[in-house]
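Morning, everyone. I have one structure to walk through today. Have a look first, then I'll talk.

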Amino acid sequence: MATEEMEQLVRRDYKEGFVTDIESETVPPGLDESTIAFISNKKGEPDWMLQWRLDAYHQWLKMKSPSWAHLDYPPIDYQAISYYSAPKRPEDMPQSLDEVDPKLLETYEKLGIPLHERAALAGVAVDAVFDSVSVTTTFKKELGEAGVIFCSISDAIRDYPELIKQYLGTVVPVADNYFAALNSAVFTDGSFVFVPEGVTCPMELSTYFRINAANTGQFERTLIICESRAQVSYLEGCTAPMRDENQLHAAVVELVALEDAYIKYSTVQNWYPGDENGIGGIYNFVTKRGDCRGDRSRISWTQVETGSAITWKYPSCVLRGKESVGEFYSVAVTNGRQQADTGTKMIHIGEGTRSYIVSKGISAGRSDQSYRGLVKIGPRAKGARNFTQCDSLLIGDTSGAHTFPYQEIGNSTATVEHEATTSKIGEDQLFYCRSRGISEEDAVSMIVNGFCKDVFQELPMEFAVEAEALLNVTLEGAVG
Amino acid sequence: MSEVIHFLDVLKKRLAQRGSEPTWIAARRQAGAARFEAMGFPTRRDEAWKYTNVRQIAQGHFELAEDADYSSAKAAALTLPIDAYRLTFVDGVFSARLSDMEGLPESVQVMPLSQALEQNHEAVGGPLGRLTGVEFSPFSALNTAFMEEGAVIRLAPGTVVDKPIILQFVSRAGEQPVMSHPRVLIEAAGRSQATVIEHHMGDSDAANFTNLVAEIMLDRGAILTHYKLQEAPLADLHIASIHVEQRRDSRYTSYNLNLGGGLVRNDLVTDLNGQGAEANFYGLFYGQGRQHVDNHTLANHNAPRTFSNENYKGILDDRAHGVFNGKVVVKRDSQKIEGFQSNANLLLSDRAEIDTKPELEIYADDVKCSHGSTTGQLDKEAIYALRTRGIDEQTARGLLTLAFAGEVMEQVDIDAITERVELAVAGKLPERFNLAGLVEIAAAFNEA
């Protein structure tokens, strides 16, 4: 099946999705102090949280939308966005898979997504298909026994105000950047994870399992804290094309790792990329940062970015603790008119800190992709070490691939290495496969998957399998 | 803003002295001044100036030099001891006495810019400002506003110049710091060949500001080797914008050897506009004390089958600050491109800093482009290995530093330049290790 056909159908779904019903539970578009007070009130937040939001809002008013990225999009009208809408009522959703577009289901089939998950992804009223409550209950029990807190950020503000006060906004300060400030003012959803000292979280956590995850918020706020010697692996997003009603996504993710803690954060992002002119796709402007506060702590970011009209994100690590480790593994695929400006920042502050960056970019169609990274070695980061590998693969002669690696090195004992290559799929490689009876499409898919191997092997098992399938679907029709 | 006004005042004074000039020159000058006034000096908020603060330039109350008095003995001590044609500028003012163009073949024209402007020579009418517009940077605008002196070099088709052409810029020590805005124009016609050495030097206690713009046009098959030996005094401020335009099968090779200058910023841009054009950028920057050296390079692959190769080495000691920003741009439909870029840096002190950004911007798919960048320190084990062989620590460090620069320096085929770099980078090496010594040993070996 041609990609265009599939996209057309997927798009139709989205067009419907962007319509917001004005109900009593929804604030009209626009942003001012009363909107923020409304959100805070709806969430039943204490006064200090409202003040925190208002402070962020006032700082945001003074800031300017950044223009340095290698991206092209019309200015965003922040007054045209509705900042709060109550979760959809079950009767508004498709009642069963029969009502869902068959082509969308076909995509799920290709990706090998389990049946009961398809319903949730397609926006079918969840209770109609499987009993999410029972699944969640068993799972909550297990986490509870281990002492792990995993809940929505709104619940956490209510139930664990001390932890929130202690950690929220300490990794990504309120006025860190334009979108982070906006998020701080209006965030409505997100996850909170707290893993106490010495605990290894008994399972991989995923927003998908969280009970109120049916409506992914437009302004998500995630906070993950690992105390000494604690470990957690967190999965965000999923491989299936997600239905979503909001065009602008400005999430903030904060990770805090204390001594000897290890946080692994994996993302698969496949939001709607827009039509062939890139119109209507999701703008994904995300601030993700991990703080290795404790000695020997480790934070690892893995991302597979295939969706969104515009992706703008730089998952970063602040390596404060001695001998702490930051890692970034990324595969970004752009096709059609997609634009991605993504990369990472590794800020070495502590002695003996190490960072490792592997970024693989694949641009096809008329898309544009940039790797933008910063490796900064501070004067006290004795013996710090960084290795960066960033490779780009171009498919077709109308796409663009760019690399902007910043390195700021202020310490003579540091060792920093950066390597980058840009090339197309080698004709000799293709020929080799073809001569062994492998079809051109399969050969390209094999080569592309091989190109991304270093990153895929960092993904949790089930994600890795899906990611490979996802790559093939995204690039379908790009090779001719 | 008052900083800009000072520069404009100096300009006004100078123009009043000069009297009338052809309208086209006056118009370009006016455009430069207007553009400079509109832009003002760059700040660290400008991406291209993120790591370089030009406050020292903006706030220095520079005047223009009135004469080119300089003793022949001092000039002789500074100049490169090689057989070459020479044009000498003292604080930007041309010195006929210190220049030597004897024996220059007729197929080569070398003249001071002032002379070309005065004659309204065809060499300047069209080309001047064609490659470096006033839009490029506030400094290129400033240069355009002030342009009055510099060098014009024209090579007739097929000319191979027998000796290097040296353009030497002397910075004098004086009560009043001065500024100069030299403009260099090089036009190499089809299949011509030349080596041009741009040499900056001066009195060790001078503190002047040089703002150079060079426009270099290479026609089909022309080959130009451009050395830039930067030995300016350690308090000198130096900004240079070099723009090269390359037609089919031309080759431009740049050796940017930066040893001196307190604040140095080089912008080197080449447009590879014809198939088979090739650009080689070799660079070495050595910083000590509080030197600040910023090198920006850009290779625009505008035509298919073009080739660029870049290798920059940075060595930073004390509190020196190095900046490297290399960029390779491949335009859409410029297929079969090869672009390589490498930047390696050696930090010799804990307070030295390097900010490096090797960029690729690619819009075509049939390309081979790569870049690499490394930063590290001298290998302790290598120092130890030399020490066990009876070489003292200082010499060992010198030798290893020199070896680090080797990849770039082995491309340089003018011994006088290699020796200067060697002395600056490795200090005074024992005879058996320095170039002169090695040449002697090799000669003795060949005789035997």
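I'll take the interface, then a helix pair, then the annotated domain.

Keep in mind that this is a predicted model.

Start where the two chains meet. How many residues does each chain put into the contact? Chain A gives 32 residues, and chain B gives 32 residues. On the side of chain A that touches chain B, the elements giving two or more residues are β19 (400-409) and β20 (415-424) of chain A. Sort that side of chain A by class, and you get 15 polar, 12 nonpolar and 5 charged residues.

Now the strands. β19(A) pairs with strand β20 of chain B, residues 353-362. They run antiparallel, joined by 6 bridges. To find your place, look for A:Ala401: its bridge partner in β20(B) is B:Ile362.

Next, a helix pair inside chain A. At what angle do they pack? The crossing of α3(A) and α10(A) is left-handed. From α3(A), the contact uses A:Arg53, A:Ala56, A:Tyr57, A:Gln59 and A:Trp60. From α10(A), there are A:Tyr178, A:Ala181, A:Leu182, A:Ser184 and A:Ala185. By class, this helix contact has 7 nonpolar, 2 polar and 1 charged residues.

Last, the domain. An unreviewed UniProt entry annotates residues 176-404 of chain B as "SUF system FeS cluster assembly SufBD core". Over that stretch of chain B, the model is 59% strand and 9% helix. The end C-alpha atoms of the stretch lie 40 Å apart.

That's my tour. Over to you.

Terms used. Residues numbered from 1 in each chain as written. Chains lettered and ligands numbered in written order. Predicted model: local features only at pLDDT ≥ 70, side-chain atom pairs only at ≥ 80, totals over all residues. UniProt positions renumbered as here; feature names shortened; annotations may be inferred. Helix = DSSP H or I, 4+ residues; strand = E, 2+ residues; numbered from the N terminus. Contact = placed C-beta atoms within 7 Å. Nonpolar A, V, L, I, M, F, W, Y, C, P; charged D, E, K, R; others polar. Pairing = 2+ DSSP bridges. Left-handed = near helix turned anticlockwise from the far one by under 90°.
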